[in-house]
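Visitor: I'm new to this one. Could you walk me through it?

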Amino acid sequence: MRPITVSVSDDSSGAKATDIVRFDDWAPGTVSIQVTVTGTVNYTVQTSMDDPNSPTNPVAVGSMTWVPSTDTTVVGQSATKSSTFAAAPLFARVLLNSGNGSITATFLQNSNGPI
């Protein structure tokens, strides 16, 4: 999988989330994450196992359940951080909880083939 980069800025009007990132069901599970901070922010990396495209149990994007990462290194943080998912969730995003700065997050899932 090629790296996927998402970003969000200035939540002065309320918390904002990045676009969602979908991981490859057929690639090995490990996902590397880097969240780069500019300015003053507080953010949380979140995951979801809900799937809007499921043929048997679709969940509308607006109804997806988002939970904080199991790695507290990227939960309620304000500085640039790196983390990993040992097993890839279906989706991830970063929630900008507060602040007037911005975050850019890059996700890279291990692959058993060329990128």
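This is a predicted model: local features need pLDDT of at least 70, side-chain atom pairs count only at pLDDT 80 or more; totals for chains, interfaces and linings use all residues.

Visitor: Where does S69 lie, and is S69 buried or exposed?

Guide: Look in the loop between β6 (67–68) and β7 (81–85) for S69; strands are DSSP runs (E, at least two residues), numbered from the N terminus. Buried means under 20% relative accessible area, exposed over 50%, partly exposed in between (1.4 Å probe, protein chains only). With a relative accessible area of 6%, S69 is therefore buried.

Visitor: How far apart are the ring centres of F23 and F85, and what kind of pair is this?

Guide: Rings of Phe, Tyr and Trp (its six-membered ring) pair if their centres lie within 6.5 Å; planes under 30 degrees apart count as stacked, over 60 as edge-to-face and the rest as tilted. For F23 and F85 the centres are 6.3 Å apart and the planes are at 90 degrees, so the pair is edge-to-face.

Visitor: How many residues apart in sequence are the parts that F23 and F85 tie together?

Guide: F23 sits in the loop between β3 (21–22) and β4, while F85 is in strand β7, so the separation in sequence is 62 residues.  Both F23 and F85 are buried, and the parts they tie together are 62 residues apart.

Visitor: Which residues form one aromatic cluster?

Guide: F23 also pairs with F107, with centres 6.0 Å apart and planes at 70 degrees, so that pair is edge-to-face. The one cluster is made of F23, F85 and F107.

Terms used. Residues are numbered from 1 along each chain as its sequence is written. Side-chain values use heavy atoms; hydrogens and water are left out. Helices (H or I, at least four residues) and strands (E, at least two) are DSSP runs, numbered from the N terminus.
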